[in-house]
Amino acid sequence: MLELLPAPPADPLWDLTAEYGADPRPERLNLVLGVYRDRSGVTPVMEAVRDAEIRLAERSASKEYRGLSGNTAFNRAMQATVLGDEALVARSTAVQTVAGTGALRLLADLVRQTRPGTTVWVSDPAYVNHRPILEAAGLAVRPYRWTDPDGLLADLALAGRDDVVLIQGCCHNPTGVDPTREQWEALAALAARAGWVPFVDLAYHGLGDGLEADLWAVRMLAERLPELLVAVSCSKNFGLYADRTGCAIVLGSSPSALRHVETALQNAARTLYSMPPEHGAAIVATILQDPALRASWRSELDGMRSRIAANRATLVAALEALGHGAAAAPLARQKGMFAGLPLGPAQMAALRRDHAVYGTASGRINIAGLPADRVPQLARGIVAVLEPVGV
Ligand SMILES: Cc1ncc(COP(=O)(O)O)c(C=O)c1O
């Protein structure tokens, strides 16, 4: 049987990570995956997370199965944190998921159950796993332009009443380019007129302009539109990457519109993994329910955000000092963990080969994983591939 298996496509990000692991050069620099690293290059366990884990270990709760929606205290705390308003929470339902990816997949399943022939619009460029997740759920996918605001509105003007538009709520991966508030409002008006449903992917809130500012767009959409799907990840802003913690939130026009939603999401999870793991959700619930732990988390998150912004500013300044202010200008406006370099696949390969700097072929680097003392190496590498010798 197994010899009949066709060669599957490899995951480009994990392939690059393996290539990095096999690179013997001591100066190699891994900026491939979206993972925060502190000054010493470590992805820390946040203090609030460690404190919550100690409390949970002392309490030593039973590990008996939880319900099909996962940890309900976590779900309630996530609804309140993301939506920020009781009236919106009252129009919503949520289930715990296996991180942001699990939320994307369960919500994609919900879309297919509700509107089997629907088209889901996905940004171009997109997070590398968006299209595969939607297609695995049996949905048709169509791209819309992302970094050109006129193109974005022109493409989404073609989205129909039964369509769904997957859109990242902040800190767009891979470009770091987000709409302005006016552009978000234009998108909300378009959705209200045409009737399509936004499907917001929130993976980086708190790491762009601050938690409330990063949640502004999803809250505005929730206020103005009757229906909204939201996939939330706790991987980055709680540093819970490996604990696979997230949440699928659905808003309807009224509580009765939601009556079958939770069961539909539970049923989708039942055939994939039955129910989500408890540990990360228990940590997040403990933090969000305790004012002191919550304040500690918020302040550490703010510190992470400031460090990312400082990394970006240092890189921009280094490129300007090397005479590449024009290439640096768009970087200065980008938000979140990633920087989209003005480099194509061949230049990114040269950066890897000649300067031991690993980013993705699309020009994305993880600016949150950049040690400050390596900025000169990165800036010199970028300039060298922008100005090949002999040109
Ligand atoms: C835009 C976006 N959405 C969702 C995810 C999924 O994250 P996770 O499943 O690790 O929570 C990521 C991870 O990098 C992402 O960048």
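Predicted model: local features only at pLDDT ≥ 70, side-chain atom pairs only at ≥ 80, totals over all residues.
Two residues are in contact if their C-beta atoms, placed from the backbone, lie within 7 Å.

**Overall fold**

The chain carries 15 helices and 11 strands. Its radius of gyration is 21 Å, which agrees with the value near 21 Å for a compact globule of 391 residues. Buried residues make up 45% of the chain. Among contacts between residues at least 6 apart in sequence, 76% join residues at least 24 apart. The C-alpha trace spans about 70 × 55 × 55 Å along its principal axes.

**Helix α15**

Helix α15 covers residues 375-386, 12 residues in total. From first C-alpha to last, α15 reaches 16 Å, close to the 16 Å expected at 1.5 Å a residue. Its buried residues are L378, A379, G381, I382 and V385. Seen down the axis of α15, they fall within an arc of 160°, so they line one face of the helix. An α-helix has 3.6 residues a turn, so residues three or four places apart point the same way. The buried residues of α15 pack against these elements:

| Element | Residues |
|---|---|
| β1 | 29-30 |
| α12 | 291-321 |
| α14 | 345-355 |
| β10 | 357-358 |

**Ligand shell**

What surrounds the ligand? The shell consists of G34, A99, G100, T101, Y127, Q168, N173, D201, A203, S233, S235 and G246. By class, 3 are nonpolar, 8 polar and 1 charged. Helix α5, residues 99-114, supplies the largest share of the shell, with 3 residues.

Note on methods
Residues numbered from 1 in each chain as written. Near = placed C-beta within 6 Å. Helix = DSSP H or I, 4+ residues; strand = E, 2+ residues; numbered from the N terminus. Nonpolar A, V, L, I, M, F, W, Y, C, P; charged D, E, K, R; others polar. Expected span 1.5 Å × (residues − 1). Buried ≥ 20, exposed ≤ 12 C-beta atoms within 10 Å, placed from the backbone. Arc of directions from axis to C-beta. Rg over C-alpha atoms; globule rule 2.2 N^0.38 Å.
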